[in-house]
Amino acid sequence: MSRIIDRSMDIGEFVPQPDDDMLICRCEEITKGEIRRAVHDGMWTITEIRRYLRTGMGLCQGQTCSRLVKGIVARELHISPAELEPATSRSPMRPTEMKVMGNEEA
Amino acid sequence: MNRIEEHPILGKKEERQEVTFTFDGRELKGFEGEPIAIALKANGVLIHRYTKKEHKPRGIFCAIGRCTDCVMVVDGKPNIRTCVTPLKAGMVVKTQNGVEV
Amino acid sequence: MERYEVIIVGAGPSGLSAAIEAAKRGLKVIVFDENDKPGGQLFKQIHKFFGSKEHHAKIRGFRIGEQLLEEAAEAGVEVQLGATVIGLYSDKEVNVRIGDSIRHYKGDTVIVATGAAENMVTFPGWTLPGVIGAGAAQTMMNIHGIRPGKKVLMLGSGNVGLVVSFQLLQAGCEVVALVDAAPRIGGYGVHAAKVARCGVPFYLSHTITKAHGEDHVTGVTISEVDSHFTPIEGTEKTFEVDTICMAVGLSPMSQLLKMAGCEMEDNPKRGGQVPIIDDFGETSVSGIFAAGDVSGIEEASSAMIEGRMAGVCVSEYLGYLSEEEKEAELKKLEGDLDSLRQGMFAPKNRGKLIEKTDEGIDVSMNLLQKGYVSDDEIERFPGVVHRKGVHPVIECTQNIPCNPCQDACPKKCISTGDNITFLPFIKDDCECSNCGMCVASCSGQAIFLVDEDCGDGTATITLPYEFLPLPQVGDTGYGLSRSGEKLCEAEVVLVRSLKAFDHTNLLTMRVPKEYAMKARFFTKD
Amino acid sequence: MEKNKADVIIVGGGIIGCATAYYLSKRGRSVIVLEASDNIGNGGSSRNGGGVRQSGRDPRELPLAMYGIKELWPGLSEELGVNCEYHKDGNLRLGKNDKHKAILQGLTDRAVACGLDVRMIDAEEIKKINPYLSDEVTCASWCPTDGHANPMVTTLAFYRKARQQGVRFITGEPVERLRKVRGRLKEVYTKENVYEGDYVVVAAGYESRPILATVGVDVPMHKELVECLVTEAEPHMFDQMLGTAEADFYGHQSDHGSFVFGGMSGLELDNKDTGAKNSPGNAAITAPCICRGIMKYFPALENAKIVRTWAGYLDVCQDGVPVLGFVDEVPGLVVACAFTGHGFGIAPAVGEQLARLIIDGKTTVDISGLRYGRFKAKI
């Protein structure tokens, strides 16, 4: 659902919250505050947040945190989480050793 | 002991082969083929690793190989998901610190 | 590249059901599953399922799993275990890791039945060892035979939270509290009631504010929340626990479908990111289907029907069924699925407060808020009657799609009327033989056989009992109320453990007669 | 309408567009950046191996690479306020046989002629620089001032800072056509809006081609779908950027510990894009091929787990170097495309020089070899 989004729109000031130090992405150890701060830095899509902070880029590939991150970003942007496109899914679905990946059988 | 000897619905566990493995140098016993994480839990081991940035302890979380919180160094290889890796006799299991081996 | 007519990802209830339907019509089918055992989550389900005969009602989940596997083997389904699908592409190429290699397969059709993943909530300390998912608890207890902890706090009052709490009790753990931020219990009342009568307190409108401990969980603090789910200061309660279990919902594991380029949508009613599918599971990519939780969170019973639908559809897609045959098969399956999607917990009612049953009876608010029906509320439900001699008392108070009780009674005393979701009632002219089949057949453990007045100032109550050690005749202890409080002294007068009861023991206790309609559980100490 | 006016309209929110916007706004120019996709840096900017190299480059673009590494990259993280993970720890281009050696020698000779510090080294010296390489590696070119950075973060860092400086970024806004007004390129049309600027920079990767065609400008380039992969975090091993004579793979170890490698299957020209909107899809056979390529040089990495792969399009120019600068026939137009897979390392220099070109009318680095009018038939 591509939409025209003007990134200079006002989303309000970054206001510190008491639970900003709460860990959200368990693998990469990214906190709620870092995610909220990134939104105010202009990272308005899940893909940008991932690329900027590495949320959901760890070993588990976002299995645990993607829903949580979505909620935080949506709240910061004052939109519904459903409006945020989730990150692209990519092979391999599970971490795969290089020697296995390179060992193809027809 | 936190193993369930007899379950009201599932009955008694079938006989299994007990094997010895090491955890951070300590000799422990578990059943062959059960996940390493279960054998550790039966021995009261809860901490599998310390995280890279914050050095916080982690253990079993999802128990089905998704969350990767339970990874440890097994036979010299880091990032082994212990909740889905079967225990074998003589395995060398170590607490993982960050990503170091 | 190796080609199959149907490649199915996931050997859980829907994947296996799909495979059976396709294979029995002659299609070349392979099922991949990353686990070393098939059956998905079914083998962790040790409770009896709801529904009707067609839905495998009153059969325990793991037995349904065994039946499905037998059926699959008979139909010639090839199940490849330890096979992780790492990639799915729009041209229906499937990349699979098997052992130490990657193999490429091509499917004429692909059915994705990858199921769901658990949701989590955050609170200070949520990363400590000892904080686990409810699924992890089930895996530990019911697959690997190990207790997740000694003292457990459960977060989440949906069916998963309720069922797993009961399983924790069965495994010998103490459940110190069942907590949910919602103001009402989310799962079936009967599941809540069987946990409550064991003495587990329910804290609705509460949330975890902190897990205590340095290296692992040593305790937990909960607080009441206001209508915005914000903790209210001064309402904190702290429990000493070694385990915190989260059962806060499931999300479809739909990443493979997204990877294959299927059109997706974020649909809160279906539990999150799901493929856009037609009524029978076909995605926007022709020949790629989705079945089970991956296309929307429901119960395993519905997943099995959705799987069968997808299996029928691929059979027609590849010319093994005519269009008319497909329509006929689907119509039947749709009927089954529709009946499961009726009642108070139907997908369309998710999140709604329902105040009256279909019969027009006020729903028990105590049940929704505390997990049990209060003594004064229980009398208004049709299954609760007073007769001379032994008779069933059916404490089934919500409209759920389930009817094994009416088939269980050899005397045909029990009926749910015209609709599978209606509350069961006892027929007027019935003669109860005290056989106990109804008690054992009730998946919600909500049926009791009561003799309200034995003539000597006592009453007897026969109740379902699924714990160890099993009390023996002559044991004395206490009769517990629906909320698990000690009410009166009680003596075990009969213990029945028939094969037909399938591990639900029937324990008959004698209590003073004024407790006939109040005592619902037994404890020795 | 007023609000859609700026000194410069930039078409394309990749690293070239973001860097150009940053340097223009730093010098007080108003800028609007139009990005077709939903994400900033959605094309090659976020899909490359992160090389910040001078060695191995065509002499026509080498001055830009050298300028960037000398003047811009070292202070970039501080300037942008985000750690771009820039490392200036050298580039090893590896070879295993005489044929490789000849290729490497040729590249080295040409770079030396342009004044670059790059030289051929033998197996012993290679092992000293990187002890993890296979014994089969017998020769390499070594450029100690090359390095790598994090492309995703660098792109977003330019975006962040430019946005702070008042640049208006608009995503989900694909450009349909350009329009000349009274002899000068002035207007940029999207489906719903018209934007107006004194200059229009077209930096939209391969998509620049149909956009430029609307004002009769055609850049001879094609698309190739190439892939990268990334491993889990591993213990720190080395800091150099790596490549090979035969381009089996290229990549580095990131600060995070993961290895980022790119490579080819040989079928890039004909690869089918199996991806969805907003993101090209991988071919099932490419990652395995890259893995085999890596393990031939790095047997020690065989147990490193791949957590993710991704695909991206190269905008491959007919003669292998970008098209950059003014187009004389269309006053007001600035072209910056056809980077052919090596745009990331020179992006800061391109942005800074294009800002000079627009504001001062000229660049300080010679980019004349990259001009639009250079394409001629062979006879």
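## Ground rules

Because the model is predicted, local features need pLDDT of at least 70 and side-chain atom pairs count only at pLDDT 80 or more, while totals for chains, interfaces and linings use all residues. Residues are numbered from 1 along each chain as its sequence is written, and chains are lettered from A and ligands numbered from 1 in the order in which they are written.

## Chain C

Chain C has 525 residues. Its secondary structure comes to 12 helices and 28 strands. Both are DSSP runs numbered from the N terminus: helices are H or I with at least four residues, strands are E with at least two. The C-alpha trace spans about 80 × 60 × 40 Å along its principal axes.

The radius of gyration of chain C is 24 Å, which agrees with the value near 24 Å for a compact globule of 525 residues. That radius is taken over C-alpha atoms, and the globule rule is 2.2 Å times the number of residues to the power 0.38. Buried residues make up 60% of chain C. Buried means 20 or more other C-beta atoms within 10 Å of the residue's own; exposed means 12 or fewer; partly exposed lies in between; C-beta atoms are placed from the backbone. Of the contacts in chain C with a separation of 6 or more, 64% are between residues 24 or more positions apart. A contact needs two C-beta atoms, placed from the backbone, within 7 Å.

## Chain D

Chain D has 379 residues, and 61% of them are buried. Its secondary structure comes to eight helices and 18 strands. Along its principal axes, the C-alpha trace spans about 65 × 45 × 45 Å.

Among contacts in chain D between residues at least 6 apart in sequence, 74% join residues at least 24 apart.

## A helix pair within chain D

Helix H1 (residues 15-26) and helix H8 (residues 347-360) of chain D pack at an angle of about 50 degrees, with their axes 8 Å apart. Axes are lines fitted to C-alpha atoms, for helices over the stretch in contact, and angles run from 0 to 180 degrees between N-to-C directions. H1(D) and H8(D) are therefore oblique to each other. Angles under 35 degrees count as roughly parallel, over 145 as roughly antiparallel, 65 to 115 as roughly perpendicular and the rest as oblique.

The crossing of H1(D) past H8(D) is right-handed. Right-handed means that the near helix is turned clockwise from the far one by less than a right angle; anticlockwise is left-handed. On the H1(D) side, the contact residues include D:Ile15, D:Ala19 and D:Tyr23. On the H8(D) side, they include D:Val350, D:Leu354 and D:Ile358. The residues of this contact divide into 12 nonpolar, two polar and one charged. Ala, Val, Leu, Ile, Met, Phe, Trp, Tyr, Cys and Pro count as nonpolar, Asp, Glu, Lys and Arg as charged, and the others, Gly among them, as polar.

Helix H2 (residues 46-53) of chain A packs against helix H5 (residues 151-164) of chain D at about 110 degrees, with their axes 8 Å apart. H2(A) is therefore roughly perpendicular to H5(D).

H2(A) passes H5(D) in a left-handed crossing. A:Glu48, A:Arg51 and A:Tyr52 meet D:Met152, D:Val153 and D:Leu156. The contact residues divide into four nonpolar, no polar and two charged.

## Backbone exceptions

Most residues other than glycine have a negative phi, and most peptide bonds are trans. A cis peptide bond joins A:Ser91 and A:Pro92, with omega about -5 degrees. A:Pro92 is in the loop between helix H3 (66-77) and strand S4 (96-97) of chain A. The bond from C:Leu468 to C:Pro469 is also cis, with omega near -5 degrees. C:Pro469 is in the loop between strands S24 (458-465) and S25 (476-480) of chain C.

B:Asp24 is not a glycine, yet has a positive phi of about 45 degrees. B:Asp24 is in the loop between strands S3 (18-23) and S4 (26-31) of chain B. With 12 C-beta neighbours inside 10 Å, B:Asp24 counts as exposed. C:Phe229 has a positive phi of about 65 degrees. C:Phe229 is exposed, with 10 other C-beta atoms within 10 Å.
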